[in-house]
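Good morning, colleagues. May I ask you to turn to the sequence and the structure, which I shall now take you through.

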Amino acid sequence: MDAQQAGPAPIPVQQVFATLEAALSVDNATRAAAEAQLREWEGDAAPGFIGSLLKVVAEVQAVPEEGRLMAAVVAKNAVGSSWRKTLGSREWSRVPDDEKAYVRTTAMGALLGDPSDRVALQITLLVTNIARFDVPQPWPTLLPDLIAAAAEDSPVDPAAKRRALTALKHILQALRNKKFVISTTRDARLLTEEEFELLASGVQQQRTQLDSQCKALLAPLRQQWEGHTAALLAGGDGWQRRGAAAAAALSAARELMHVLQDFEGVEDAITAFLSELHQAAAAIAPQLLSDPLAAAAVAAAAEDGEAAAAAAAVGNPQLERWQLLGKNWERLLQVALVTMDRHTFQFAAHLPPMLQLCINAALLAMDASLVHPIRAKARVVLVRFCARALLQQLYRRDFIEGSAPEARFISDAGREAIQRYRPQLLSAADALDALLAPAQCPALVQAIVQKYIMLSLDEVAEWSSDPESFARNVDVETSPDADTPRPCGVALLECMLERADEPVATALLAMAAQQQAAPLTPDNILLREGTYRAIGECFLHLRSKVDFNAWYTNELRLILQSTELRGLHGSILRAGALWLLGVCGAELRAEHWGQAFGLVVAHVTNGDIVVALMAVSALTVLLSNCLEESQFVSAPSGRKRLILEGPQAALLGTDSEEDAAGDLAAAVDAEHAAHMAAVEGQTDAIITGCFTLLPRLAEIESMVRVLQCVSSAVELLGDRLRPHLHTICSALPQVWGVISQQRQEGTGGLARLHSALISTVTHLLMRLGSAAVADPRVGELLFPLLQHATNLGSADAEPLVEDGLRLWTAVLTTSDQLPPQLQELLVQRLPPILRRGQDTTACLKIAEGHALLGGLPAVSPLMGPLAEAITKSLAAVVTAAAAQQLALAAMLGAAPKPGHPQRGPPKGLTPELAAEGTAAAALLTLIVQLSEQAAAAALAASGQPAELQLPAELQPAAKAAAAVAAADFGGGAVRLPSQGVALVEACLEAIGRLLFKQPGLLPVLLDSKQDAEARLLDRWVLLGGARDIVEMFMPAMGSLGRVRRHRAAVTLCSLLYADTVPLLRTPERAAQALALGIRAAREQEQFLRDQERLAEAQIPDPAHSDQLVLRRLALARDDPVKAIDAREATRAAGTKIASWMGEQQLRLQLQHIDPLLAEQLAALQRGEPLASAMAAVSLSGGPSGDGNGGGEQGGMEAEGQPGPPAGPMS
């Protein structure tokens, strides 16, 4: 092969080693260059690169550990990304086969021989990455070599044996979802059927080979595990190493159970292995759960939890052995769980003894003090094993016998397997049923409650010493991923109820009745609280069996009203009763709900912090339930029936069923009214109680919980809060005083606290309106909070800025005058936030709010930064439009340049960028409007005309807006992206206001680019004349459409009359613009009526309305463009066009667009109403007014436009 055909030369090992050394340099420039070189080699799969890395790893004597570790990490990453391309690309990487063989051999040697465990771990992951692709072929020896190296009699040292087992686990885990890739030299589309079958047979051969290799692992792995476990149990020499090896072997066995698809050919081996698994578990359980070893572990954990026990084990052989036993117990259960899940039929015979062991040893016989010291994973896997067995359908007698409803979906193969394993499946089902039989179930339920759900002595001590920590941990336990004893026990109870609810419910309720009758001793109180907790957690299963109203009346109410329950144990009962009201309160009838709600509110001020926080949590739940009810009550009757009965019943139900649904909805409405009356009656107590509790709290999470409760109350009550404004405003300064002092929990906790406070205050402002903003007591919290949230120099600025800007917007929305503190905040905070570039949309809207409330002087100090932000945002839209055009060209078939592979389309106009551009254009339009007002005021004051003076800083922004309006998104003037229509319309409004005052400005704005001018004018006519179909059905949208058409028509007619735009002297374009004016003239009477209604509109409650909307309405009423009569503007424009085009030519151009337009223009010129002209044309036999150019209900597109209508805006 000549030099031109030869591939690139392999990278020398010396060059790779030098680059690795440079990548470890302390010099930033040197390190960055080396890292870039390594990434380039890795991305290109450069020949010799991975092999050179392994040569570096192999130099144990010459290369220090850090260098070898770096080489191993880079090699692992390179193999993972480039060893073989994805299945979709169907090609190998450029790593030569001989280099791959060297890497495989060297990696195996380094795995077993490198003195560094850190390097060996990375080599393990490297080998795992290779195995994903090269096992079973071309590396058929990997699995046998690893299991042989792990054998006790292998020549490698003990550390290497452990590494071999660890590598085996990782590799089997990687092979779970092995994808087999067969390469072919031909295009797959050209293969014959025989060639495809040959490839498929090759894939099947590899599957068979992998299955055979994995099954061959079972016997030696079992043998090694047996030896290690026996040594651990015996406690002789080397038990530490053998115990760790036993756990590693079980981890590998767990992954092997995942990989094996069946046990064909190894039935005897798997039966023996599972039997020995049970025997080992039975031998470990007593030592782990009841021997003196366990008592020592409890004593160590009592010092400072599980971490202390782990630390105490160092140098303490007994504790170390107990922990090793626990780890092996956990892995044993994991193997059993995976086998049951993956090989349910084969495991059925082994379920009864394993289940009996778990229930007896780990639940019934185990002392409650051992539940917490045991490793969390062991608790979780124990519960998960029992729960999966309880829920397994194949272990249910009715499913096995085919009487269960789900049995009809069983496949023929499934039925055959059930018949084959029927005795074993029935045996498993009987074992599970016996577990829940009346003779066994009560003891099991009691054990779960006492050992997993009931408060432990450590938790009781924590309640006294650190109540907020206790309350926080209770909240954490509600997470589905919680691994503490209580959620584990609850999960097991729920699975028992799912399988057989009657005996479990009977046992649980019998326990509750027994505790109710027992004297209130400390032990009985703890057991009663645990029983009640279990009932509440499983209430969905027990709802039909528990009369919660009677329970509340006869016990829970009395607990909360009692004055005799004192001390810690009295607080435990109260907290449990409050928790139950939060969980089950929706079951209470209206007459009980109001009283219970009052009791919950009263306990927010309880002296025990845990009780108070439980009351806050229950109160939040009850308020949230009311909020859901309010959403139902406000829904239409049809929607209510759909919610109550479901879609099928709502559609097919009879009249009587409909009446019943109506009665039920009425009952819900009445119940909600009673609930709201109770909440309103307690509003002052809720606000006062929550804000009084805040100073007593030390933890930020507790404060967040209280603020969330207040926020829920505010959201629910809405306008009903107005009578309570004094109570709220009086408390807010104290709240800020408490929260501003919090410093101890770091930035994350402080950010959550301030975010919760911002949310609460935002809700308050939006509900209470301008009266709240004007209250100085609110300002004592509000403005310092805004200062803190928008201070980019604070430690928690990053998560708070967005919340702070939202609150800022809420203040503007609810302020009838611009607060001076807010104006100071604008000058101080907005420029740095704008420079950051992450919240530009919100900042531009805030600036718009300031301009609306304070006029042009409010934004004048920041005109430079605002103009720069507007220009930057609109320029980004122009860039996105160019990218969109490129994407469209690529989609239509433009070929990529040579050497540049086709990639995904460039990023075009995103919704976020469109929103930012629209906000920028809206602010620009507002400033132009305010400048118009300033010019009008100068005219009124001096009597001399004053030209519109746009601030000099905004001139680049105006040019950017014109560029957006004229941008080509791909498709010329017609086609716009859906998110770009509103943006372009906003830019056209800003440009239109400028051109209305300065008709000759267009060439300046677009730098005399005629193609851009033409696009802008055509798009303006098109969008200005567009009529949405929704205007026919929604009067408000019709009014907005007429405003849009009027503004566009008047402005374009003024340009036609001024005759300052050469492109408008094109006959077709001039006629199109004039057609838009004729349409606006037709709508003039309706437009005037719209404006009269707008002027006469009365705001029902200005103090509680959106103040920015009110200011926009005021600006709209004073808009000078609206004062122009479209008929007069069109008449003047028509006369001007006729002067240079000729009347006959103009008439022909209009008739080409729509035959009606010429007659309508003539009627305008004669001063006649357009309706009579249209009728005359109709009577004379011409086209009627019902066509596209017809009357008021004419088309739903760009009327009078040739070619594509406005509808194709996509």
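Let me begin with a term: a residue is called buried when its relative accessible area is under 20%, exposed when that area is over 50%, and partly exposed in between. Lys959 has a relative accessible area of 31% and is therefore partly exposed. Please bear in mind throughout that the model is predicted.

I turn to the chain as a whole. The secondary structure consists of 57 helices and zero strands. Of the 1210 residues in the protein chain, 51% are buried. The accessible surface comes to about 52800 Å², and carbon and sulfur atoms account for 55% of that surface. As for contacts between residues at least 6 apart in sequence, 76% of them join residues at least 24 apart.

How confident is the predictor? The mean pLDDT of the protein chain is 84, and 86% of the residues reach 70 or more. Among the elements, helix α7, residues 142-149, has the highest mean pLDDT, at 97, while helix α57, residues 1170-1179, has the lowest, at 49. Two further stretches call for a remark. The pLDDT is below 50 over residues 302-309, a stretch that has ten contacts in the model beyond near neighbours in sequence. Over residues 894-906 the pLDDT is likewise below 50, and here the model shows seven contacts beyond near neighbours in sequence.

Next, the salt bridges. Side chains of opposite charge can pair when their charged atoms come close. In this model the count of salt bridges comes to 51. I have selected three of them.

In one, the side chains of Arg1112 and Glu848 meet at 3.5 Å, N to O. Arg1112 lies in helix α53, residues 1107-1117, and Glu848 in helix α42, residues 840-854, so the pair ties together parts that are 264 residues apart in sequence. Arg1112 is partly exposed because its relative accessible area is 37%. Glu848, at 11% relative accessibility, counts as buried.

Another brings us back to Lys959, whose side chain meets that of Asp1007 in a salt bridge of 2.7 Å, N to O. This pair links distant parts of the chain, 48 residues apart: Lys959 is in helix α46, residues 955-965, and Asp1007 is in the loop between α48 (1002-1005) and α49 (1010-1025). Asp1007 has a relative accessibility of 46% and so counts as partly exposed.

In the remaining example, Glu989 forms a salt bridge with Arg1047, and the closest N and O atoms are 3.8 Å apart. Here too the pair links distant parts of the chain, with Glu989 in helix α47, residues 981-997, and Arg1047 in helix α50, residues 1035-1058, 58 residues apart. Is Arg1047 buried or exposed? At 18% relative accessibility, Arg1047 counts as buried. Glu989, at 24%, counts as partly exposed. Both residues belong to a network of salt bridges that links Glu932, Glu989, Arg993, Arg1047 and Asp1119.

From the surface I move to the interior. Why is helix α15 described as largely enclosed by the rest of the structure? The reason is that ten of the 14 residues of this helix, residues 351-364, are buried. Among them are Leu351, Pro352, Met354, Leu355 and Leu357. Cys358, Ile359, Ala361, Ala362 and Leu363 are buried in α15 as well.

A word on cysteines. A disulfide is a covalent bond between the sulfur atoms of two cysteines. How many disulfides does the structure hold? The number is zero.

I close with a loop position. Ala586 is found in the loop between α28 (567-584) and α29 (590-602). With a relative accessible area of 55%, which is why the residue is classed as exposed, Ala586 stands 7.6 Å from Leu622, C-alpha to C-alpha, and the two are 36 residues apart in sequence.

Notes: Residues are numbered from 1 along each chain as its sequence is written. This is a predicted model: local features need pLDDT of at least 70, side-chain atom pairs count only at pLDDT 80 or more; totals for chains, interfaces and linings use all residues. Side-chain values use heavy atoms; hydrogens and water are left out. Helices (H or I, at least four residues) and strands (E, at least two) are DSSP runs, numbered from the N terminus. Buried means under 20% relative accessible area, exposed over 50%, partly exposed in between (1.4 Å probe, protein chains only). Contact means heavy atoms within 4.5 Å. Accessible areas come from the Shrake-Rupley method with a 1.4 Å probe; for residues, only the protein chains shown count as cover. A disulfide is a pair of cysteine sulfur atoms within 2.5 Å. pLDDT is the predictor's confidence in each residue, from 0 to 100. A salt bridge is a side-chain nitrogen of Lys or Arg within 4 Å of a carboxyl oxygen of Asp or Glu.
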